[in-house]
Amino acid sequence: MKKIPLILFFTCLFISCENKKELELQEREQALNLREEKIAEKEADYQSLLTFRDSIYALKDTVKEIATSVKEWPENIQGIWNSKMLCRESNCSKYVIGDQRNETWQFLSDSTGIYTNVLNNKKLTRVFQAKYIEDKILLEFKTDSVTKNSVKMNVVLDDIKNNVIKGTQTITGQDNCTARFSVELTLPQKK
């Protein structure tokens, strides 16, 4: 009979020690979770700093590009030019090799920068965003997102002489089809 209270005492003592160890484990687990959360926050801060740094580098490159590009067309380019375009290669159904197009291109500048209007029968058909860098004219046009048939046009005019400008126009259609035109711009003959 004397052994029963002693066994009961040791059983209670053993159970309380087990609970104590379990509590210590739970406390350690909570501390570990807290550390993991802090590390995750620091990782997120680090990633946002990397993104910020990359955006600054990209902005720096853009600023350099803007600084080197011209805000006004040189006198020998500014004005109205007649264009003659000939399709050289195409995998678009809309453009066939040998197609010829004639338009009027108007090189203009204002407070927003330089751009090129394209006129067909005296009606404005598109406005190219323009860059003039190191004797090369780069033009870009993209239809807006609500247009049914999206088209992107890039023009590189890299053969610039006093009365003739030559280059290439690349048209990318809705289905990623492409057509390349040779472009020749000439000054209109004065009557």
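This is a predicted model: local features need pLDDT of at least 70, side-chain atom pairs count only at pLDDT 80 or more; totals for chains, interfaces and linings use all residues.
Me: How do you know whether L157 is buried or exposed?

Reply: The relative accessible area of L157 is 0%. Buried means under 20%, so L157 is buried.

Me: How far is L157 from L139, in sequence and in space?

Reply: The two leucines are 18 residues apart in sequence, and their C-alpha atoms are 8.3 Å apart in space.

Me: Which residues of the largest nonpolar core touch the most other members?

Reply: That core has 28 residues, and W73, W105, F107, L139 and L157 touch the most other members. The strands β1 (79-90), β2 (100-110), β3 (113-120), β4 (123-132), β5 (137-142), β6, β7 (164-172) and β8 (178-186) each supply at least two of its residues. The largest share, four residues, comes from β8.

Me: What makes such a set of residues a nonpolar core?

Reply: Its members must be buried residues of the nonpolar kinds, Leu, Trp and Phe among them, joined through side-chain atoms within 4.5 Å. As background, nonpolar side chains tend to be buried together in soluble globular proteins.

Me: Now to R126. Where is R126, and why is R126 called buried?

Reply: R126 is in strand β4. Its relative accessible area is 14%, and the cut-off for buried is under 20%, so R126 counts as buried. Leaving out residues up to four places away in sequence, R126 touches E103, T116, N117, V118, F141 and M153.

Me: What about N121: where is N121 found, and is N121 buried or exposed?

Reply: N121 lies in the loop between β3 and β4. With a relative accessible area of 71% against a limit of over 50% for exposed, N121 is therefore exposed. N121 also has a positive phi of about 55 degrees, although it is not a glycine.

Me: And K122: why does K122 count as exposed?

Reply: The relative accessibility of K122 is 84%; exposed means over 50%, so K122 counts as exposed. K122 is placed in the loop between β3 and β4. Its phi is positive too, at about 65 degrees, and K122 is not a glycine.

Me: Which residues line the second largest pocket, and what makes up that lining by class?

Reply: The lining consists of C92, S93, K94, Y95, N149, S150, V151, I171, G173, Q174, D175 and C177. By class, five are nonpolar, five polar and two charged. Lys and Asp count as charged, so K94 and D175 belong to the charged class. The space in this pocket is about 200 Å³.

Me: Stepping back, what elements does the protein chain contain, and in which order do the elements run?

Reply: There are one helix and eight strands, running α-β-β-β-β-β-β-β-β from the N terminus on.

Me: How many of the residues are buried, and what is the accessible surface of the protein chain?

Reply: Buried residues make up 23% of the 191 residues. The accessible surface comes to about 14,700 Å², of which 54% belongs to carbon and sulfur atoms.

Notes
Residues are numbered from 1 along each chain as its sequence is written. Side-chain values use heavy atoms; hydrogens and water are left out. Buried means under 20% relative accessible area, exposed over 50%, partly exposed in between (1.4 Å probe, protein chains only). Accessible areas come from the Shrake-Rupley method with a 1.4 Å probe; for residues, only the protein chains shown count as cover. On a 1 Å grid over the protein atoms alone, a cavity is a set of points where a 1.4 Å probe fits but cannot get out, and a pocket is an open set with protein on both sides within 12 Å along at least five of seven lines; lining residues have an atom within 4 Å of a point. Grid points are joined across faces, edges and corners, and a volume is the space filled by probe spheres set on the points. Contact means heavy atoms within 4.5 Å.
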